[in-house]
Amino acid sequence: MISISNISKTFGQIAALSNITLEIPAKQIFGFIGPDGAGKTTLFRLITTLMVPDSGAILVNGFDTVKEYRRIRMFTGYMPGRFSLYMDLTVEENLNFYATIFGTTLEKNYHLIKSVYSHIEPFRKRLAGKLSGGMKQKLALSCALIHNPEILVLDEPTTGVDAVSRKEFWELLHELKQKGMTIVVSTPYMDEAAKCDTIALVHKGRLLETDKPGKITGSFKEHLFAVSGENQFRLINDLRNYQPGVSAYLFGQAIHLSFNTKPDINHLKMHLAKSGHGDVKVEPIMPSVEDCFISSMTSSGNH
Amino acid sequence: MQTILFILQKEFLQIFRNKTMLPIIVLVPFIQLIILVNAATLEMKRINMEVVDNDMSSSSRKLVDRFRASPFFSITRTTFSIKEAEKDLLEGRTGFVLHIMPGFEEKLGKESKASVQLLVDAVNGMTASLTNAYAQSVISDYNSDMVKARGGNAFISIMPKTIDIESSYWYNPQLNFKYYMVPGILVILVSMIGAFLTALNIVREKETGTIEQINVTPIRKYHFIIGKLIPFWIIALFELAFGLFLGRILFGMPVVGSLGLLFLFASVYLLVVLGLGLLLSTMAQSQQQVMFLSFFFLITFILMSGIFTPAESMPAWGQKANLLNPFAYFMRVIRMILLKGSGFKDIAGDLISITIFAAITLGMAIWRYRKAA
């Protein structure tokens, strides 16, 4: 369990984290969702004792990250966002090095990493620098797991990894969770949020919301529609000017339109037809985490 | 302790896997010794000179013959026009012009005193003063011969007695410049390996982000520092041995003093250099920055160390500043031990200074490293 209380950290003039208070429960996958620059990496560096907060305290399994950092390092595995293993060592040499540093060996802890490592084992004699993105990520995860950590911290592990490897990676995380590991993960991909047990939405160093993904989407109060048609740019502007209490934003191929109050869709369609939008489709949809994110981002006035 | 061993194992694996590292370790001393020792000599031979003899007498010709016979000069052109000679001097075709004016012999005969003009290209001050000194000695030889030839001429009244100076050069009897250069080059080599490669290696971990992964492990900072410094300490000492061996084979470098003493001093000296490398690495974020930083420090230290120009000829403030230059200590001590055979007592003072130096540099480096990382 990780308890974060009133954590702030600034870099020069920029507040990377302002007054974050949060409990990360044990034995589940806890996801931090937010765009680049939200402060996810800073928070992770604070949790993994790489940095000292300006104010506040973090207790990891009851140990203080500032005073008892050495204890924490024994049972924490960290996978930084950027590949940080030795490119000029082979897969096997990297693993052996990190194993010995923690006072164990690859042979002894092979069973711990088998599910991950078996994917890259055929390439164990290859230099880490010569691996593909997905293989690098699996090697990094193997190295982070080699000392059987109780807490695993993964900073954007799936950024820059192909869709198949991403799916595999999340399956691996769920396997690890089954074994009783606490997994803290961050991602800029909203679709990965649904795979976490609990998520925290962060934006510009502030915590917007923390809850189960289902609850977050369930608590979405607005009425949401997907609108698609020709000339999206003009369409989005006309939708925004349709009536007060409406927000419209581009979401993939479609425009997501949300209303504070229950709208009259026929009236909207007629309005659009009058404005010269011919073939426009308007369909009610279920909110996704991203919709919730945008909604709470705008309502917190942090646009 | 075991942790340090694992780090060392990893470091050596990386160092020997690095494709540029082995050539640096083996080829650099070889090339530096061959090129620098042979090229960076202060002896000057065959200086290009031009002669403008407007007298064309037997006396003037004798003087020119003196120059012709000297190994230091080579007459590339004789002309009657001083204008042409000056033009050659200006355009760099010659470094030195001897101008004998008309009436040289006549004046010498009548007044027992004649003058010649020496024009020296002084763009390089060191070359100019050496050229001048060599030319003076040729002319003064000519002078004394003239005096002897004329017997009791009035010339003698100018130099009533001559004192013959017989020099004998101790510790380097043949004044072999190479014996002076080899130890100098070795100092540079060892220091470069120590400071530069250490700094580069540590900064590389920062640049590639691997330090991040190291920092979340139980590896302590002193483990990491020791693990980083020991490989280059060993490699630098190996370089010294290898360089000495090459110097012996290639130039017959004498080793008068005790090698054990030399390596004792070198091993302490290297702590200073490694500390410097660690200090540099804390000041830089990328390998590029560390290159520029080390370049600045190394050039300053090397040029002040007395490798080419004797440290004793520096101005007083420079000599004081040199007390802070670790290179100067090793430069002095390695020459003392190799050429002079100085013993422990002779270098004890320097050894104490360099030990204090090592403690301060390493202390500062570690303190800064702990704060920075």
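**Interface, sheet and salt bridges**

Between chain A and chain B the count is three salt bridges, a salt bridge being a side-chain nitrogen of Lys or Arg within 4 Å of a carboxyl oxygen of Asp or Glu. In one of them the side chains of R45(A) and E212(B) meet, with 2.1 Å from N to O. This is a predicted model, in which local features need pLDDT of at least 70 and side-chain atom pairs count only at pLDDT 80 or more, whereas totals for chains, interfaces and linings use all residues. Residues are numbered from 1 along each chain as its sequence is written, chains are lettered from A and ligands numbered from 1 in the order in which they are written, and side-chain values use heavy atoms, with hydrogens and water left out.

In the interface as a whole, 23 residues of chain A are in contact with 22 residues of chain B, contact meaning heavy atoms within 4.5 Å. The two chains bury about 2,200 Å² between them, 59% of it on carbon and sulfur atoms; buried area is the accessible area (1.4 Å probe) that two parts lose on being put together, summed over both.

Turning to the fold of chain A, four strands form an open sheet in the order β12-β13-β11-β14, with antiparallel pairing; strands are DSSP runs of E with at least two residues, helices are runs of H or I with at least four, and both are numbered from the N terminus, while two strands pair if DSSP finds at least two bridges between them. The edge strands, each of which pairs on one side only, are β12 (246–251) and β14 (281–284) of chain A, and the twist averages 25° from one strand to the next. Six bridges join β12(A) to the antiparallel strand β13 (residues 254–259) of chain A, and A248(A) stands opposite L257(A) in β13(A).

Helix α9 (residues 265–274) of chain A packs on this sheet, where it touches β11 (223–228), β13 and β14 of chain A, and its direction makes about 160° with that of β14(A). Axes here are lines fitted to C-alpha atoms, for helices over the stretch in contact, and angles run from 0 to 180 degrees between N-to-C directions. Helix α10 (residues 289–299) of chain A lies across β11, β12 and β13 of chain A, running at about 135° to β12(A).

Over all chains, a search of the whole structure finds 25 salt bridges. Among them, the side chains of E92(A) and K125(A) meet at 3.1 Å, N to O. This pair links distant parts of the chain, 33 residues apart, with E92(A) in helix α3 of chain A and K125(A) in the loop between α4 (110–117) and α5 (133–145) of chain A.
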